[in-house]
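Dear colleague,

I am passing on the structure that we spoke about, together with notes on its domains, its interfaces and a few local features. Please read the notes with the model open beside you.

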Amino acid sequence: MKQSVIEFERPIAELESKLEELTELARRDKVDFSSEISNIKRKVKKMRRDIFLNLAPLQRAQLARHPMRPHTLDYIDHMTTDFLEMRGDRLFGNDKSIVGGFCNLESRTVMIIGQQKGRDTKENLARNFGMANPEGYRKAQRLMKLAEKFNRPIITLIDTKGAFPGKGAEERGQAEAIARSLLEMSRLTVPVVCVVIGEGGSGGALAIGVGNRVLMMEYSVYSVISPEGCAAILWKSADKAPEAAKALRMTAPDLLEFGIVDEVVKEPLGGAHKDFKAAASILRRALRRNLDELARMSPQELVRQRRKKFRKMGSFV
Amino acid sequence: MSWFSKVKKPLEAITSRDKIPEGIWKKCDECKAIIYGQELDNNFQVCPKCGHHHRLSARERIRLLIDEGTFQEKDGELAPNDPLKFRDSKKYKDRIAESKKKTGLNESAISGSGLMCNRPVEIAVLDFDFIGGTLGSVAGEKITRTIERSIRSRHPAIIVSSSGGARMQEGIFSLMQMAKTSSALGELDELKIPFISLLAHPVTGGVSASFAMLGDVIIAEPKALIGFAGPRVIEETIREQLPEGFQRSEFMMDHGFVDMVVPRLELKETMAKLLDHMCGAIACLLPLESKEDSTDSAKSGA
């Protein structure tokens, strides 16, 4: 699979291709390059660590939307078994930019729901780039209530630029769909764990983000507006996206510091896209731990804890 | 061949005279009629000539909806913090200071308790002139506390929205106000206490996508822009022009997201009647028409 590369990943990618060439050469000509090879390997590792230790906020946002990054269905694939996708909002249609259904996660039946982006143009068109229409949010609400009915915990995976700003979306009540989702999620009587796996874009992300626990993958971002959008409005220039990304404090460590998220889930070195399996297994363990803890709470306690958690959010004097 | 070789141009408006001295005379945004400022104020910024609804400040909105002398402001001391130390072309702190000076308000929301045609209500009002009526932590907190007062007092909640949405300068804290307010409304809903959401031009973004769209009854003023995404963003996305009237109150009513479009001067009466329908008629001591002299009777009725 050809990997697309972000600007700051390029030196690593170049070194890696050199390494590949050398390995190939050694194999073909049966020459011993082992010391050079291990030398370059060490260099790659060091370079990757250095680069990833000093990522600028906009670079983290770029990583969060890396096309090769694992998406909802990848996590479902690697973390769960027996996933059965359920479709449609029973009102209008089936929005493919949100997927959901029951599955088994570590010997527990859970309802898993998440925004689904595509990897290439064709897939992205089918998935509307992971930007849901109202029927997507209404499907999510339906599935959450279904889970509640059968007393199953809910996991949501957040990965969207935002709710789709289209004509049909407005005609069918995008605002209402999001608002209703916030209200309904806040009073679910089953455990809800939300994970920002990539882009947490504004109201369209929060619409499936009202959980007892909110987790963020290490290189995900969560913000009220995209850095590009913010730069265009407040700086009147999209070129100021790096400044906006910094000012918005949208990275996982920022949000942990603010107490908006409960936990940052480590990613493999170089980002989740370097190793889906490892990323999924780290997340699976984090989910199990959180679900175990929440399983001890009564339905009333779950609602109370969730409401209290969001009640406290805000900063004023 | 035309009859006259010299074509007479129609008279053009003299542009220099278009500038009206500040304050005394105002020009209607819609029909361009010149209106005596005092007259517009007395008419709650509704053009007496064409009925166009101009922006109404939060204080004036309370004067419109709440019986004279009965409004008690709550949480007026809450002031914005700057949790991100946000700075774009301007410091967020300076933006707040400017808005305070311009509006005489502490924040984009005013909240309190009062009587609406003798019925006790809890009310919160957003003021568009304060950073676009945006939903920061303070507005979110005031609205949530308004809902919580409703829960304690069992009095209906009324929220008047006029807002561009979330407040970017407060980043994620602003976004979370959507969840905070909506969650409180869930509790209100379970207790069967009425919530009327009134939408005044414009209501978009994070405000429409939370409490504003969650009313038991949703009322809009005529021709208010109501939607999630702003029209410019939609046009950029779909690369076509939106039809006339798209996302306006009447459009939203036709699409099933607004119960009724009510002119400003009829709002109070309509809302009071609605409250009666929802709570069972609370004995109303005053005939609805005589709200001007409501102060004395309101006190005896409270």
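Between domain 1 of chain A and domain 2 of chain A the count of salt bridges is zero, a salt bridge being a side-chain nitrogen of Lys or Arg within 4 Å of a carboxyl oxygen of Asp or Glu. Before going further, please note that this is a predicted model, in which local features need pLDDT of at least 70 and side-chain atom pairs count only at pLDDT 80 or more, while totals for chains, interfaces and linings use all residues. Residues are numbered from 1 along each chain as its sequence is written, chains are lettered from A and ligands numbered from 1 in the order in which they are written, and side-chain values use heavy atoms, with hydrogens and water left out.

Chain A, domains

Chain A is split into domain 1 (7-54) and domain 2 (61-311), with bounds that come from an automatic or database domain assignment. The centres of the two domains of chain A, taken over C-alpha atoms, are separated by 35 Å. Seven residues of domain 1 of chain A are in contact with nine residues of domain 2 of chain A, where contact means heavy atoms within 4.5 Å. The area buried between these two domains of chain A is about 640 Å², with carbon and sulfur atoms giving 65% of it; buried area here is the accessible area (1.4 Å probe) that two parts lose on being put together, summed over both. On the side of domain 1 of chain A, E9(A), R48(A) and F52(A) supply 69% of the area buried against domain 2 of chain A, more than any other three residues.

The rule also finds two residue pairs in polar contact across this interface of chain A, both residues of a pair being at pLDDT 80 or more. A polar contact is a pair of N or O atoms within 3.5 Å; within protein, one must be able to donate a hydrogen and the other to accept it, and residues adjacent in sequence count only if both atoms are side-chain atoms. Helix α2 (residues 34-53) of chain A brings the largest share of the side of domain 1 that touches domain 2, namely four residues; helices (H or I, at least four residues) and strands (E, at least two) are DSSP runs, numbered from the N terminus. By class, that side of domain 1 of chain A has two nonpolar, no polar and five charged residues, with Ala, Val, Leu, Ile, Met, Phe, Trp, Tyr, Cys and Pro counted as nonpolar, Asp, Glu, Lys and Arg as charged, and the others, Gly among them, as polar.

Chain B, domains

Chain B is divided into domain 1 (13-54) and domain 2 (56-301). Seven residues of domain 1 of chain B are in contact with nine residues of domain 2 of chain B, and the area buried between them is about 760 Å², of which 62% comes from carbon and sulfur atoms. In domain 1 of chain B, the residues that lose the most area to domain 2 are F44(B), H53(B) and H54(B), together 71% of what that side buries. Between the two domains of chain B there are zero salt bridges and four residue pairs in polar contact, both residues at pLDDT 80 or more.

Between the chains

In the interface of the two chains, 59 residues of chain B are in contact with 46 residues of chain A, and the buried area is about 4,500 Å², of which carbon and sulfur atoms give 70%. The rule finds five salt bridges across this interface; R307(A) forms a salt bridge with E190(B), whose closest N and O atoms are 3.1 Å apart. There are also 15 residue pairs in polar contact between chain B and chain A, both residues at pLDDT 80 or more. On the side of chain B that touches chain A, α5(B) gives the most, with 17 residues, and the residues of that side divide into 29 nonpolar, 17 polar and 13 charged.

Local points

The peptide bond from H201(B) to P202(B) is cis, with omega near -15°, and P202(B) has its place in strand β7 (residues 195-203) of chain B. R90(A), a residue other than glycine, has a positive phi, near 65°, and lies in the loop between β1 (81-85) and β2 (98-104) of chain A.

With best wishes
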